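Let's take a walk through a protein together, one step at a time. Keep the picture beside you and look up each part as we reach it.

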Amino acid sequence: MKDTPLLTLKGTYKKFGGLSAVDNLSLKISEGYIYGLIGPNGAGKTTIFNLITGVYPCTSGSILLDDVDLTPLKPYRIARLGISRTFQTIRLFPSMSTWEHVLIGQNFLSRSRIGEIFPIRRTQGLALRAQAEEALRILGLWEVRDRKAVTLPYGSQRKVEIARAIAAQPKLLLLDEPSAGMNIRETEELLSVISKIHDLGITILVIEHDMRVVMGVCDHIVVLNFGRKIAEGTPMEIRQNEEVLEAYLGKEE
Ligand SMILES: Nc1ncnc2c1ncn2[C@@H]1O[C@H](COP(=O)(O)OP(=O)(O)O)[C@@H](O)[C@H]1O
Ligand SMILES: [Mg+2]
C-alpha cells in the first residue's frame, strides 16, 4: 500500500461524560484505497465520522486532511475541503425529488459564506448539474430522478444519499452502514456502486456490518472495540485475527 496519507488521525479522543467513545485512535487513510471500519455496536464507528466531519469536536488529538488540521473547522468548511458522508439512518426530505436532493447537496457546498445563498453563476450551475447527472447515472438513479426520493424502494433511497455525497466530488467519501436494510440484490448492487465510485478516484472509508461487503470491496480493514483500534490489515489478515474473531466476528456466528 503506497503511503500518501489523505486523512490522518493522531491520538484522537472523544469523551461523552465518563465514556471514551473514541480512545486514543491513530489512523492513516491513504489516497486511492477503500477502507473498512468494523466493530461491535457502540464501538465508536459513527462517532469517528462525526469527528472527521466536524459534527463533534475532538476531546483531544488531531485530524488532518492532507496537511490541513480539521479539528477547529466547522462542518461546512470540512465538506468544502473534500469530505462527504452518508448517515447510518436515511435522511431525505419528503417533498423533494431525487434530482433535487443531489443538487441541494451541492448548493450547500458551493456557498462560500453564510448569506450567499444563491451565488451560483450560470456556468457554475451547468457544471453542478452535469456532476449531479453523473452521480445519478453512476448510482443507476437517472431514470427515477423526478420521483420523490422517499417513494423509492429502501435500497434506492440509500443510493440517493450516496449520489448526493459523490455529486460534491469529494476526495474522501465516508459511508455509514450503506447496506443496512438492503436486500441481497440491493447489497450486490451496492458492491458494484462502491467499486465504481472508487474508479472515479475517490478514497472511501466505509462502516459496515455486512461481512460480504467488507471482505468483498475493502483493501484495508480497521477494527474497533470500545473506541480502541484492536486490529488493522487486509481482509485476509482480519479474518484470521483471533482478537477480532473474539470481539466481533465470533458474536455473529
Ligand atoms: N451524542 C452522544 N452523546 C452521548 N453518548 C454518545 C453520543 N454519540 C455516541 N455516544 C456513545 O458513544 C459510543 C459509541 O457510539 P457510536 O459511535 O454511535 O457507535 P457505533 O457507530 O460503533 O455503533 C456508544 O456508547 C454511544 O452510546
Ligand atoms: Mg454507528
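A nonpolar core is a set of buried Ala, Val, Leu, Ile, Met, Phe, Trp, Tyr and Cys residues joined through C-beta atoms within 7 Å. A residue counts as buried if 20 or more other C-beta atoms lie within 10 Å of its own. With that in hand, we can turn to the model, which is predicted.

Start with the overall picture. The protein has nine helices and ten strands. Of its 253 residues, 39% count as buried. Now take the contacts between residues at least 6 apart in sequence: 67% of them join residues at least 24 apart.

Next, the inside. In soluble globular proteins, nonpolar side chains tend to be buried together. Here, the largest nonpolar core has 66 residues, and those with the most contacts inside it are Leu37, Ala163, Ile166, Leu173 and Ile204. Helix 5, residues 154–167, gives the most to this core, with six residues. Because domain 1 (1–30 + 53–71) and domain 2 (74–208) both give residues to the core, it lies between them.

Which residues does Leu37 touch, once its neighbours within four places in sequence are left aside? Its contacts are Lys45, Ile48, Leu205, Val206, Ile207, Val222 and Leu224.

Two of these partners, Lys45 and Ile48, bring us to helix 1, which spans 45–52. Is this helix mostly covered or mostly open? Mostly covered: seven of its eight residues are buried, namely Lys45, Thr47, Ile48, Phe49, Asn50, Leu51 and Ile52. Just after the helix, Gly54 takes a positive phi of about 80°.

The residues around the ligand are Phe16, Leu19, Ala21, Gly39, Asn41, Gly42, Ala43, Gly44, Lys45, Thr46 and Thr47. By class, four of them are nonpolar, six polar and one charged.

Strand 2 leads us on to a sheet. Strands of a sheet pair through backbone hydrogen bonds, either parallel or antiparallel. This one is an open sheet of four strands in the order 2-1-4-5, with antiparallel pairing. Strand 2 and strand 5 (68–69) stand at the edges with a single partner strand each, so one side of each is left without a neighbour in the sheet. Strand 5 is joined by two bridges to strand 4, residues 60–65.

Technical notes. Residues are numbered from 1 along each chain as its sequence is written. Chains are lettered from A and ligands numbered from 1 in the order in which they are written. This is a predicted model: local features need pLDDT of at least 70, side-chain atom pairs count only at pLDDT 80 or more; totals for chains, interfaces and linings use all residues. A residue is near a molecule or strand if its C-beta atom, placed from the backbone, lies within 6 Å of it. Ala, Val, Leu, Ile, Met, Phe, Trp, Tyr, Cys and Pro count as nonpolar, Asp, Glu, Lys and Arg as charged, and the others, Gly among them, as polar. A residue is buried if 20 or more other C-beta atoms lie within 10 Å of its own, exposed if 12 or fewer, and partly exposed in between; C-beta atoms are placed from the backbone. Domain bounds come from an automatic or database domain assignment. Two residues are in contact if their C-beta atoms, placed from the backbone, lie within 7 Å. Two strands pair if DSSP finds at least two bridges between them.
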